Amino acid sequence: MPRRRQSGEPLWRAIAVFRFAGLGYAVLLTAVVYPSAYVRLGWAWAVIAVMTAWTVATTMAYARPERRTRLLLSTDLVVTAGLLLSTAALQYPSAMRHGVMPVTGIWVAGPVLAWAVRYGRRAGAITALILSGCDFLLRSEKITVALNGVVLLLLAGVVVGHLARLAAEVEAERQHAVEVEATSRERERLARDIHDSVLQVLAMVQRRGAEAGGAAAELGRLAGQQEAALRSLVGGGGAAASPSGDVDLRTLVLPIQSDQVTVSAPAQSVRLEKDAARELTAAIRAALDNVRRHGGERARAWVLVEDEPGLVTVTVRDDGPGIAEGRLAEAAAAGRLGVSHSICGRLRELGGDATIRSVPGEGTEVELRLPRGPAVPLARAPGPG
């Protein structure tokens, strides 16, 4: 709702201008155009005075977003309807039969516009019908004139409500674009800093390790892997969230790919709630850390991302030595919680589950299944035509 209020501020100012213009038109009708139509002209000017006071009051009240409550808008509607109906006691009956406008003139459209901007075109249309019903009571003998008023008020309520909704959508898109731009600028700044410091150090460690050989060569190889992953991360763009708060899981998983890790993902985006996507990616990285830690320098891993209706499945498979039967239970009992906490625990907290299958000498397969939230739709690849 805050964005709706911000985007509708110009419309609220336009309503204030319209109400004062409508008040001026009512004064013109009473003083110049139809003064002879009133049996109680003095009371008509009293109604004009009330309209003036109410115009000033509503303009000041509607200037503050927190005051635009249903109570205030309902009071505005009741006061306007009462002033409109007062015309029956002020004008000659013949005046209404001949289509003379009520003492309020077009000023009655103010509440219609206010309800439309605040609550949308449906609320604007309902308010228009209520005021049109009051106008019909005044001029039931002149149905064509009353129908003209109904059509105009309905058009005002529906069109202005539609414009308010479009303004809210445009404001949301603009805000999202600003956030993405700010994130991109910050990412570029961090990428420059990382390139000038961390990446240079990792490259040097890789080079010196290869030159030294032995155990240092293994450290150099690991440094090279981290350098490649970090370059992919800082150069591949951020996982920008959409206005609804979901992200494309691929933007988080694809940077994991390296010489030892192959990542396969669908061609279309895989949408997940932002926090869930990050936790799932952390579980994938934990599984790959176990491959590097226990599989040796030649172990390879494959990551497969599958997107199904209501479910995202990620499979991490390696060609390492596998896990001996009972080894995971022993590790958990000894306080080493890498698998039970970093992988299985993360998925349980997200409402998903993890399955680990391993055959000694044939590698390990970790399957991560995460249900998709009801607000995050399944992305589909564009079809032909």
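Two aromatic pairs occur in this predicted model. Rings of Phe, Tyr and Trp (its six-membered ring) pair if their centres lie within 6.5 Å; planes under 30 degrees apart are stacked, over 60 edge-to-face, and the rest tilted. Residues are numbered from 1 along each chain as its sequence is written. Because the model is predicted, local features need pLDDT of at least 70 and side-chain atom pairs count only at pLDDT 80 or more, while totals for chains, interfaces and linings use all residues; side-chain values use heavy atoms, leaving out hydrogens and water.

| Aromatic pair | Centre to centre | Angle between planes | Class |
|---|---|---|---|
| Tryptophan 12 and tyrosine 62 | 5.1 Å | 45° | tilted |
| Tryptophan 115 and tyrosine 119 | 5.5 Å | 40° | tilted |

The pair of tryptophan 12 and tyrosine 62 links distant parts of the chain. Tryptophan 12 lies in helix 2 (residues 9-33), and tyrosine 62 in helix 3 (residues 41-62), 50 residues apart. Helices (H or I, at least four residues) and strands (E, at least two) are DSSP runs, numbered from the N terminus. Tryptophan 12 is buried at 7% relative accessibility. Tyrosine 62 is buried too, at 5% relative accessible area. Buried means under 20% relative accessible area, exposed over 50%, and partly exposed in between (1.4 Å probe, protein chains only).

Tryptophan 115 and tyrosine 119 both belong to helix 7 (residues 109-119). They are four residues apart, about one turn of the helix. Tryptophan 115 is buried at 11% relative accessibility, whereas tyrosine 119 is partly exposed at 26%.

Tyrosine 119 also has a charge over its ring: the charged end of arginine 70 sits 4.3 Å from the ring centre. Arginine 317 places its charged end over the ring of tryptophan 302, 4.8 Å from the centre. The criterion is NZ of Lys or CZ of Arg within 6 Å of the ring centre and within 35 degrees of the ring normal.

The largest nonpolar core has 30 residues. Such a core is a set of buried Ala, Val, Leu, Ile, Met, Phe, Trp, Tyr and Cys residues joined through side-chain atoms within 4.5 Å. Leu249, Leu280, Ile284, Val303, Val314 and Leu368 touch the most other members. Elements giving two or more residues include strand 4 (301-308), strand 5 (311-318) and helix 13 (274-295). Helix 13 gives the most, with nine residues.

Leaving aside neighbours within four places in sequence, valine 303 is in contact (heavy atoms within 4.5 Å) with residues including Val261, Ile284, Leu288 and Val314. Another core lies apart, with 25 residues, among them Leu73, Val117, Ala123 and Leu138.
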